[in-house]
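User: I would like to go through some of the labels used for this model and ask what each of them rests on.

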Amino acid sequence: MNNPHIVIFDGVCNFCNGAVHFIINRDPEGTFAFTPMQSELTRELTQRFNVPNVGMDTLVLIKHGECYVLSDAALEIAKDLKGPWRFCYAFKVVPGPIRDAVYKLFARNRYTLFGKKDVCMVPTEEVKSRFLGTNT
């Protein structure tokens, strides 16, 4: 995988883990790689790219040397997926503060809505190579 787009996600969030599987299933070329928010690699990447206020509820995408957070990250991911999901990028016309407010509201309630695990997910052998900074 050369120069993957790196998705940083909350590794204990059930919704986030489902989103990772959703991306994998719509990314047959393996464009995206993943690392949990709880990893040392995430700390290194967020420092290197000067990501502000990274909390467990922040989705981060590093793509072509640029860093995207919150709704910008989600839209950039959708743009590169196979199928109709790329059309979600049209939501980019909605002002960022409005998109991010909706994103933060959802993120704040995701554990209540979908639950969480005690430990980060363990990828299957089939997709293990797409996970970075994990000890699996």
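User: Why is Thr42 called buried?

Analyst: Thr42 has a relative accessible area of 2%, and buried means under 20%, with exposed over 50% and partly exposed in between (1.4 Å probe, protein chains only), so Thr42 counts as buried. This is a predicted model, in which local features need pLDDT of at least 70 and side-chain atom pairs count only at pLDDT 80 or more, while totals for chains, interfaces and linings use all residues. Residues are numbered from 1 along each chain as its sequence is written, and side-chain values use heavy atoms, with hydrogens and water left out.

User: Where is Thr42 placed, and which residues does Thr42 touch, leaving aside those up to four places away in sequence?

Analyst: Thr42 lies in helix 2, residues 40-48, where a helix is a DSSP run (H or I, at least four residues) numbered from the N terminus. With contact taken as heavy atoms within 4.5 Å, Thr42 touches Ile8, Thr35, Pro36 and Met37, not counting residues up to four places away in sequence.

User: What makes Leu113 exposed?

Analyst: Leu113, which is in helix 4, has a relative accessible area of 55%; exposed means over 50%, and therefore Leu113 is classed as exposed.

User: How are Cys13 and Cys16 classed, and how many disulfides does a search of the whole structure find?

Analyst: Cys13 is buried because its relative accessible area is 0%, and Cys16, at 16% relative accessibility, also counts as buried. A disulfide is a pair of cysteine sulfur atoms within 2.5 Å, and a search of the whole structure finds zero.

Conventions:
Helix = DSSP H or I, 4+ residues; strand = E, 2+ residues; numbered from the N terminus.
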